[in-house]
Amino acid sequence: MIERLMEYHRHVDGILACYEKIYKSVNVDQPKADVFSQVLAYLKTNLRENAPHTPRVILLGPTGCGKSVQGELLSSKYGIINVSCSELIKQSLVDDSKLGEAVRPYVERKMMIPDDLVLQLLNNRLAQLDAVTNGWVIHGFPKTREQAESLAKAGYEPNRVIYMDVPTDTILERLTLRSVDPVTGERYHLIYNPPRTTEVKQRLQTSAKDLESAVSERMSQYQAFIEEIEEYYEDSGQHINADQDIHTVFECIESIIVNPIPQKK
(Lines give C-alpha, C1' and ligand atoms only; values in the text may rest on other atoms or scores of the structure.)
Protein backbone atom coordinates (compact mmCIF):
# COMPACT_ATOMS: atom_id res chain seq x y z
CA MET A 1 0.00 0.00 0.00
CA ILE A 2 2.79 2.44 0.92
CA GLU A 3 4.63 1.68 -2.34
CA ARG A 4 1.48 2.36 -4.39
CA LEU A 5 0.88 5.63 -2.54
CA MET A 6 4.48 6.72 -3.10
CA GLU A 7 4.21 5.93 -6.81
CA TYR A 8 0.95 7.91 -7.05
CA HIS A 9 2.39 11.00 -5.36
CA ARG A 10 5.55 10.75 -7.46
CA HIS A 11 3.58 11.13 -10.72
CA VAL A 12 0.38 12.96 -9.86
CA ASP A 13 1.74 16.51 -10.27
CA GLY A 14 2.93 15.78 -13.79
CA ILE A 15 -0.39 14.20 -14.71
CA LEU A 16 -2.38 17.13 -13.33
CA ALA A 17 -0.17 19.55 -15.28
CA CYS A 18 -1.35 17.88 -18.49
CA TYR A 19 -5.00 18.43 -17.54
CA GLU A 20 -4.71 21.71 -15.64
CA LYS A 21 -7.49 23.38 -17.64
CA ILE A 22 -10.07 20.64 -17.20
CA TYR A 23 -9.53 18.82 -13.92
CA LYS A 24 -11.37 19.43 -10.62
CA SER A 25 -10.34 18.30 -7.15
CA VAL A 26 -13.03 16.64 -5.03
CA ASN A 27 -12.76 15.77 -1.34
CA VAL A 28 -13.67 12.08 -1.15
CA ASP A 29 -13.41 11.95 2.65
CA GLN A 30 -17.19 12.31 2.92
CA PRO A 31 -20.31 10.22 2.23
CA LYS A 32 -20.38 8.57 -1.20
CA ALA A 33 -23.60 10.32 -2.15
CA ASP A 34 -22.00 13.74 -1.62
CA VAL A 35 -18.94 12.77 -3.65
CA PHE A 36 -21.18 11.51 -6.45
CA SER A 37 -23.27 14.69 -6.52
CA GLN A 38 -20.16 16.89 -6.79
CA VAL A 39 -18.70 14.79 -9.61
CA LEU A 40 -22.02 14.72 -11.46
CA ALA A 41 -22.43 18.49 -11.13
CA TYR A 42 -18.97 19.04 -12.59
CA LEU A 43 -19.61 16.69 -15.51
CA LYS A 44 -22.77 18.64 -16.39
CA THR A 45 -20.94 21.97 -16.38
CA ASN A 46 -20.27 23.58 -19.76
CA LEU A 47 -16.63 24.61 -19.64
CA ARG A 48 -15.79 27.97 -21.19
CA GLU A 49 -12.46 28.58 -22.84
CA ASN A 50 -10.75 31.73 -24.05
CA ALA A 51 -10.34 30.26 -27.53
CA PRO A 52 -12.95 28.39 -29.55
CA HIS A 53 -10.58 25.45 -29.91
CA THR A 54 -6.96 24.39 -29.49
CA PRO A 55 -5.37 25.24 -32.84
CA ARG A 56 -4.06 22.25 -34.78
CA VAL A 57 -3.11 23.77 -38.10
CA ILE A 58 -1.47 22.45 -41.25
CA LEU A 59 -0.12 24.95 -43.78
CA LEU A 60 0.12 23.64 -47.33
CA GLY A 61 1.37 25.39 -50.42
CA PRO A 62 4.03 25.32 -53.12
CA THR A 63 7.66 26.03 -52.39
CA GLY A 64 8.24 29.72 -51.71
CA CYS A 65 4.65 30.52 -50.71
CA GLY A 66 5.68 31.68 -47.22
CA LYS A 67 4.64 28.77 -44.99
CA SER A 68 7.63 29.14 -42.67
CA VAL A 69 7.04 32.86 -42.16
CA GLN A 70 3.35 32.35 -41.37
CA GLY A 71 4.16 29.49 -39.00
CA GLU A 72 6.50 31.78 -37.05
CA LEU A 73 3.88 34.56 -36.92
CA LEU A 74 1.19 32.18 -35.64
CA SER A 75 3.55 30.77 -33.02
CA SER A 76 4.58 34.24 -31.86
CA LYS A 77 1.05 35.61 -31.50
CA TYR A 78 -0.89 32.61 -30.23
CA GLY A 79 1.80 30.59 -28.44
CA ILE A 80 1.19 27.50 -30.54
CA ILE A 81 4.16 25.31 -31.42
CA ASN A 82 5.72 25.93 -34.82
CA VAL A 83 6.66 22.54 -36.28
CA SER A 84 8.81 22.65 -39.41
CA CYS A 85 9.63 19.23 -40.83
CA SER A 86 12.91 20.43 -42.33
CA GLU A 87 13.97 21.92 -38.97
CA LEU A 88 13.05 18.71 -37.14
CA ILE A 89 15.27 16.77 -39.52
CA LYS A 90 18.19 19.17 -39.02
CA GLN A 91 17.74 19.11 -35.25
CA SER A 92 17.73 15.30 -35.18
CA LEU A 93 21.15 15.33 -36.88
CA VAL A 94 22.53 17.84 -34.38
CA ASP A 95 21.16 15.91 -31.39
CA ASP A 96 22.98 12.74 -32.49
CA SER A 97 19.99 10.63 -31.45
CA LYS A 98 19.26 7.13 -32.72
CA LEU A 99 16.54 8.58 -34.91
CA GLY A 100 18.97 11.17 -36.21
CA GLU A 101 21.45 8.43 -37.10
CA ALA A 102 18.69 6.64 -39.02
CA VAL A 103 17.90 9.84 -40.92
CA ARG A 104 21.51 10.86 -41.63
CA PRO A 105 22.24 8.50 -44.58
CA TYR A 106 19.22 9.81 -46.48
CA VAL A 107 20.19 13.44 -45.86
CA GLU A 108 23.82 12.88 -46.86
CA ARG A 109 22.80 11.14 -50.09
CA LYS A 110 20.05 13.72 -50.76
CA MET A 111 17.42 10.98 -50.82
CA MET A 112 13.80 11.17 -49.71
CA ILE A 113 13.47 10.29 -46.03
CA PRO A 114 11.01 7.39 -45.44
CA ASP A 115 7.60 8.42 -44.10
CA ASP A 116 7.93 6.32 -40.95
CA LEU A 117 11.09 8.20 -39.88
CA VAL A 118 9.49 11.59 -40.53
CA LEU A 119 6.42 10.51 -38.56
CA GLN A 120 8.61 9.49 -35.63
CA LEU A 121 10.21 12.94 -35.64
CA LEU A 122 6.78 14.58 -35.72
CA ASN A 123 5.43 12.31 -33.01
CA ASN A 124 8.38 13.10 -30.74
CA ARG A 125 7.62 16.82 -31.04
CA LEU A 126 3.82 16.82 -31.10
CA ALA A 127 3.59 14.51 -28.08
CA GLN A 128 5.42 17.01 -25.88
CA LEU A 129 3.36 18.81 -23.25
CA ASP A 130 3.58 22.28 -24.81
CA ALA A 131 2.26 21.05 -28.16
CA VAL A 132 -0.56 19.06 -26.54
CA THR A 133 -1.58 22.00 -24.36
CA ASN A 134 -1.11 24.96 -26.70
CA GLY A 135 -1.71 23.42 -30.11
CA TRP A 136 0.55 23.35 -33.17
CA VAL A 137 1.09 24.48 -36.73
CA ILE A 138 2.83 22.06 -39.12
CA HIS A 139 4.40 22.91 -42.47
CA GLY A 140 6.45 20.72 -44.80
CA PHE A 141 4.21 17.71 -44.12
CA PRO A 142 2.10 15.98 -45.39
CA LYS A 143 3.10 15.95 -49.05
CA THR A 144 0.90 13.00 -50.11
CA ARG A 145 -2.46 11.58 -49.09
CA GLU A 146 -0.71 8.55 -47.59
CA GLN A 147 1.28 10.85 -45.30
CA ALA A 148 -1.92 12.67 -44.30
CA GLU A 149 -3.57 9.36 -43.44
CA SER A 150 -0.52 8.23 -41.45
CA LEU A 151 -0.54 11.50 -39.50
CA ALA A 152 -4.19 10.94 -38.57
CA LYS A 153 -3.54 7.34 -37.55
CA ALA A 154 -0.79 8.61 -35.24
CA GLY A 155 -3.44 10.74 -33.50
CA TYR A 156 -2.66 14.14 -35.01
CA GLU A 157 -5.77 15.28 -36.83
CA PRO A 158 -5.74 18.98 -37.79
CA ASN A 159 -8.81 21.15 -37.25
CA ARG A 160 -7.64 23.69 -39.84
CA VAL A 161 -5.85 22.99 -43.14
CA ILE A 162 -4.89 26.12 -45.06
CA TYR A 163 -3.79 26.08 -48.69
CA MET A 164 -1.58 29.06 -49.51
CA ASP A 165 -2.10 29.68 -53.22
CA VAL A 166 0.55 31.60 -55.18
CA PRO A 167 0.89 31.86 -59.00
CA THR A 168 3.81 30.06 -60.64
CA ASP A 169 5.31 33.29 -61.98
CA THR A 170 5.40 34.79 -58.48
CA ILE A 171 7.08 31.69 -57.03
CA LEU A 172 9.78 31.79 -59.70
CA GLU A 173 10.31 35.50 -59.06
CA ARG A 174 10.58 35.00 -55.31
CA LEU A 175 13.05 32.11 -55.43
CA THR A 176 15.16 32.25 -58.59
CA LEU A 177 16.23 35.86 -57.98
CA ARG A 178 17.56 35.11 -54.49
CA SER A 179 21.30 35.02 -53.88
CA VAL A 180 23.91 35.11 -51.13
CA ASP A 181 27.09 37.08 -50.70
CA PRO A 182 29.74 34.39 -49.99
CA VAL A 183 31.94 36.94 -48.21
CA THR A 184 29.46 38.39 -45.70
CA GLY A 185 26.75 35.73 -45.79
CA GLU A 186 24.14 38.44 -46.38
CA ARG A 187 21.09 37.45 -48.43
CA TYR A 188 19.83 39.50 -51.37
CA HIS A 189 16.97 39.54 -53.85
CA LEU A 190 17.55 41.26 -57.18
CA ILE A 191 14.14 43.01 -56.99
CA TYR A 192 13.16 43.34 -53.33
CA ASN A 193 16.61 43.67 -51.75
CA PRO A 194 19.26 44.30 -54.43
CA PRO A 195 22.97 44.69 -53.58
CA ARG A 196 24.15 48.27 -53.16
CA THR A 197 27.37 47.98 -55.15
CA THR A 198 28.48 46.36 -58.40
CA GLU A 199 31.27 44.60 -56.54
CA VAL A 200 28.81 42.77 -54.29
CA LYS A 201 26.50 41.98 -57.20
CA GLN A 202 29.30 40.34 -59.17
CA ARG A 203 30.24 37.95 -56.38
CA LEU A 204 26.69 36.86 -55.47
CA GLN A 205 25.97 33.14 -55.65
CA THR A 206 22.65 31.39 -56.26
CA SER A 207 21.87 28.19 -54.35
CA ALA A 208 21.31 25.08 -56.46
CA LYS A 209 17.83 24.71 -54.91
CA ASP A 210 16.90 28.17 -56.25
CA LEU A 211 17.72 27.40 -59.87
CA GLU A 212 14.64 27.54 -62.07
CA SER A 213 14.83 23.83 -62.90
CA ALA A 214 14.95 22.86 -59.20
CA VAL A 215 12.11 25.22 -58.25
CA SER A 216 9.96 23.96 -61.15
CA GLU A 217 10.57 20.36 -60.08
CA ARG A 218 9.42 21.05 -56.51
CA MET A 219 6.33 22.84 -57.77
CA SER A 220 5.50 19.90 -60.05
CA GLN A 221 5.79 17.50 -57.12
CA TYR A 222 3.40 19.67 -55.09
CA GLN A 223 0.86 19.88 -57.91
CA ALA A 224 1.02 16.13 -58.49
CA PHE A 225 -0.35 15.31 -55.01
CA ILE A 226 -2.28 18.35 -53.83
CA GLU A 227 -5.65 17.30 -55.27
CA GLU A 228 -5.69 14.01 -53.35
CA ILE A 229 -4.67 15.85 -50.17
CA GLU A 230 -7.51 18.36 -50.72
CA GLU A 231 -9.91 15.46 -51.07
CA TYR A 232 -8.71 13.93 -47.81
CA TYR A 233 -8.99 17.22 -45.88
CA GLU A 234 -12.26 18.21 -47.55
CA ASP A 235 -14.02 19.15 -44.30
CA SER A 236 -11.24 21.26 -42.76
CA GLY A 237 -9.41 22.75 -45.75
CA GLN A 238 -9.64 26.36 -46.97
CA HIS A 239 -7.73 28.26 -49.65
CA ILE A 240 -6.25 31.74 -49.30
CA ASN A 241 -4.47 34.07 -51.70
CA ALA A 242 -0.86 34.09 -50.44
CA ASP A 243 0.31 36.39 -53.22
CA GLN A 244 -0.07 39.40 -50.93
CA ASP A 245 1.78 41.29 -48.22
CA ILE A 246 2.95 38.99 -45.40
CA HIS A 247 0.70 40.64 -42.81
CA THR A 248 -2.35 40.56 -45.09
CA VAL A 249 -1.81 36.83 -45.56
CA PHE A 250 -1.48 36.44 -41.79
CA GLU A 251 -4.82 38.20 -41.26
CA CYS A 252 -6.46 35.77 -43.69
CA ILE A 253 -5.01 32.81 -41.79
CA GLU A 254 -6.09 34.29 -38.46
CA SER A 255 -9.69 34.68 -39.62
CA ILE A 256 -9.77 31.01 -40.61
CA ILE A 257 -8.35 29.86 -37.27
CA VAL A 258 -10.56 31.93 -34.96
CA ASN A 259 -13.83 31.58 -36.89
CA PRO A 260 -15.91 28.40 -37.33
CA ILE A 261 -15.26 26.38 -40.47
CA PRO A 262 -17.84 27.32 -43.14
CA GLN A 263 -20.40 24.60 -43.75
CA LYS A 264 -20.17 23.18 -47.25
CA LYS A 265 -23.48 23.23 -49.10
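Let's start at Tyr232, which is partly exposed with a relative accessible area of 25%; buried here means under 20% relative accessible area, exposed over 50% and partly exposed in between (1.4 Å probe, protein chains only). Searching the whole structure turns up one aromatic pair. The ring centres of Tyr232 and Tyr233 lie 5.1 Å apart with planes at 70°, so the pair is edge-to-face (rings of Phe, Tyr and Trp, its six-membered ring, pair with centres within 6.5 Å; planes under 30 degrees apart are stacked, over 60 edge-to-face, the rest tilted).

A word on the source: this is a predicted model, where local features need pLDDT of at least 70, side-chain atom pairs count only at pLDDT 80 or more, and totals for chains, interfaces and linings use all residues. Residues are numbered from 1 along each chain as its sequence is written, and side-chain values use heavy atoms, leaving out hydrogens and water.

Now to helix H11, residues 212–232 (helices are DSSP runs of H or I, at least four residues, and strands of E, at least two). Its 21 residues should span 30 Å at 1.5 Å a residue, and the end C-alpha atoms agree at 31 Å apart. H11 bends by about 40° at Ile226, the angle between axes fitted to the seven residues ending there and the seven starting there. Ile226 is also among the buried residues of H11, including Met219 and Tyr222. These buried residues pack against strands E1 and E4 and helices H8 and H9.

Finally, confidence: pLDDT, from 0 to 100, averages 88, but stays under 50 over residues 47–51.

Notes:
pLDDT = per-residue confidence, 0-100. Contact = heavy atoms within 4.5 Å. Expected span 1.5 Å × (residues − 1).
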